[in-house]
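Subject: the model we talked about

Hi,

Here is the structure I promised to pass on. My notes follow below it.

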Amino acid sequence: MNEYLTNEQKLELFAIVRDLTGGDYDTYRGALIGGLPSPFKAILQKAPVPAAQLMADLTKFVETDRLADGTVPLAAFLKTLLVVFGADDPTKLSRIRELLDAVAERASGAPAVGPPTANEIKEAIVHQNDMLPLSFMREGLAAAASVCKLEVTPVHGGTSVTTKLHLGTGWLIGPGLLLTNHHVINARLKGQAAASADELVRQVRGMRVLFDHDESEVQPSFVAALELLASDPALDYALISIADTTRAPLPISAGLPEAAPNHGAPALNIIQHPDGDPKQFAIRNNLMASASETDLRYFTDTKGGSSGAPVFDDAWRVVALHRGHSFAPHVQFNGRDAVYMNVGTRISAIVQDLSDRWAGREGAGDVNEIARLLALIAPELQ
């Protein structure tokens, strides 16, 4: 059984919810579980007193893996707690965020992201002119056409587990060439054994690639995934060929973004499918905090399902591949606790890995496709 919390953490959460609800969980229960899928709510046990009901619900949440629609019940419950009690006890709410972060990390299967380091931006007060020309939004909308939602069905022991859908975001780095996170196509919870080579192949070929999922009422365009060409769990990227070669790829940049005049830090922008929802933009006041040879850290808003999203500079060039976040209770942004610090793999590191390890390697996907991509993007890396 893949439980999301230890027994100690479950008891701690029980005490937090009991205190926030004043011991009257039944009064709040409808609101707190209201966003969960109806079939799941129907199987929750009924208990005679509020404390027993709370423990029964928490036990079911902790034991329940991802549902068929991608919902992780415990994560959804914790998010609702933050909404309902957002103006209450800051210490308890901070602990709920820590537990939510742990659940989200385990559910995504993403590699752990280390805590912020001493050289992160500790304070970023934004008192600056953030007005942008119309072309910024026009170019952003054009870039969004190359971003897609991914739905991956895990394969265990030769069997597709259709009730454990994993969600992510991808984007076109070349014609017919999709980039996303390795942990998205791996489709495993944190701590589970990684998918085998054969399981990865089947998961990629069975993956649903959905472009144009821009509004809830709009039917997305389905494109078939063909082959896993290259990947690396440490850098957390996967390069995949898809059937549609007509969509324009996104421009990339190997350099670090620069801050605008009179701005303290570069702004970064993300186009993503958070929680598998229609496409969303995270723009402005999303400052880069630090950089290494392989990573960028930033404050841009993301959620589960954002894994694999492109991280842009203000010229809408992709500078990093978003892969995860860490809880950051002691880092401040815009005068308040930042709560989360996000991290992405720099495009320069991915391109270098493709060149060093994959371009001339026999049997590593389609070598010609990788060589073609490297030749195509070389001018953009200058």
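In what order do the six strands close into a barrel? The order is β1-β4-β5-β8-β7-β6, with antiparallel pairing. On average, neighbouring strands of this sheet are turned by 40° against each other, direction ignored. Strands here are DSSP runs of E with at least two residues, helices are runs of H or I with at least four, and both are numbered from the N terminus. Two strands pair if DSSP finds at least two bridges between them. Angles run from 0 to 180 degrees between N-to-C directions, using axes that are lines fitted to C-alpha atoms, for helices over the stretch in contact.

Before the rest, some housekeeping. This is a predicted model, so local features need pLDDT of at least 70 and side-chain atom pairs count only at pLDDT 80 or more, while totals for chains, interfaces and linings use all residues. Residues are numbered from 1 along each chain as its sequence is written, and side-chain values use heavy atoms, with hydrogens and water left out.

Strands β7 (residues 221–232) and β8 (residues 237–242) run antiparallel and are joined by six bridges. Leu228 stands opposite Ile240 in β8. Helix α10 (residues 347–358) packs on the sheet, where it touches β4 (166–174), β5 (177–180), β7 and β8. The direction of α10 makes about 65° with that of β7. Contact means heavy atoms within 4.5 Å.

Now the whole protein. There are eleven helices and 15 strands. Of the 382 residues, 50% are buried (under 20% relative accessible area; exposed is over 50%, partly exposed in between, with a 1.4 Å probe and protein chains only). Taking contacts between residues at least 6 apart in sequence, 67% join residues at least 24 apart. The protein exposes about 16,700 Å², and carbon and sulfur atoms supply 52% of that. Accessible areas come from the Shrake-Rupley method with a 1.4 Å probe, and for residues only the protein chains shown count as cover.

On to charges. The salt bridge count comes to 16, taking a side-chain nitrogen of Lys or Arg within 4 Å of a carboxyl oxygen of Asp or Glu. Three of them in a bit of detail:

- Glu12 and Arg95 meet at 2.7 Å, N to O. The pair links distant parts of the chain, 83 residues apart: Glu12 is in helix α1 (residues 7–20) and Arg95 in helix α6 (residues 90–108). Glu12 is partly exposed at 30% relative accessibility, and so is Arg95 at 22%.
- Arg357 pairs with Asp353, with the closest N and O atoms 2.8 Å apart. Both sit in helix α10, four residues apart, which means about one helical turn between them. Arg357 is partly exposed at 34%, whereas Asp353 is buried at 10%.
- Glu369 and Arg372 meet at 2.5 Å, N to O. Both lie in helix α11 (residues 367–377), three residues apart, about one turn of the helix.

Salt bridges that share partners also join Glu12, Arg95 and Glu98 into one network.

Last, the surface. Tyr28, Val83 and Val84 form a nonpolar patch with about 260 Å² of accessible area together. Patch residues have over 30% relative accessible area and no salt bridge; like charges are joined within 9 Å, and nonpolar side chains (Val, Leu, Ile, Met, Phe, Trp, Tyr) within 5 Å. Val84 belongs to helix α5 (residues 73–84) and is partly exposed at 36%.

Cheers
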